[in-house]
Amino acid sequence: MRVKFRIVIYKDGVKLKKMDLEGKKDAFSVGVRYILEFKYLESTKWLMLAEDSYEKYLLLGLVNMALGQELQAREFLQEAEKYPKKTLYTIKVENPQVTL
């Protein structure tokens with residue numbers, strides 16, 4: 001599946017890897033793990049089940065934007081502003097066309 005950009009998640013300045021979330025079964029962690037695996041559609045299902053938080057809606061917005069769903073992305077990003085942060089994650093986007 002072609003995406004506009006990739007979502008990268010950091011914790012304490014270190015890029016998260018799939019194995020960092022092994023053993024965690026809560027919906028948010030499973031959704032984040034699918035994002036790290038670039039399985040954005042599957043991540044959406046799990047994030048929708050997760051507890052409301054800034055990170056949940058930010059990730060849903062970014063996933064939808066990456067998949068070209070601009071209207072839904074804006075709605076999720078607006079919703080994110082209504083909730084406090086619940087994790088120490090830093091969420092960034094990475095442009096796949098740029099090679100270093």
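Modeller: Let's begin with the crossing of two helices: α3 passes α4 in a left-handed crossing. Please keep in mind that this is a predicted model. Helix α3 covers residues 54-66 and helix α4 covers residues 70-80; their axes come within 7 Å and cross at roughly 165 degrees. Angles over 145 degrees count as roughly antiparallel, so α3 is roughly antiparallel to α4.

Now look at the residues where the two helices meet. From α3 come Y54, Y57, L58, L60, G61, L62, N64 and M65, and they meet E70, Q72, A73, F76, L77, E79 and A80 of α4. Sorted by class, this contact has 10 nonpolar, three polar and two charged residues.

With the helix pair in view, you can turn to the sheet. It is an open sheet of three strands, ordered β2-β1-β3, with antiparallel pairing. Strands β2 (14-15) and β3 (89-94) stand at the edges, and each has a single partner strand, so one side of each is left without a neighbour in the sheet. Strand β1, residues 6-11, runs antiparallel to β3 and is joined to it by six bridges. To find one of these on your screen, look for I9, whose bridge partner in β3 is I91. Another helix belongs in this picture: α1 (residues 27-36) packs on the sheet, where it touches β1 and β3. The direction of α1 makes about 125 degrees with that of β1.

Terms used
Residues numbered from 1 in each chain as written. Predicted model: local features only at pLDDT ≥ 70, side-chain atom pairs only at ≥ 80, totals over all residues. Heavy atoms only, no water. Axes fitted to C-alpha atoms, helices over the stretch in contact; angles between N-to-C directions. Helix = DSSP H or I, 4+ residues; strand = E, 2+ residues; numbered from the N terminus. Parallel < 35°, antiparallel > 145°, perpendicular 65-115°, else oblique. Left-handed = near helix turned anticlockwise from the far one by under 90°. Contact = heavy atoms within 4.5 Å. Nonpolar A, V, L, I, M, F, W, Y, C, P; charged D, E, K, R; others polar. Pairing = 2+ DSSP bridges.
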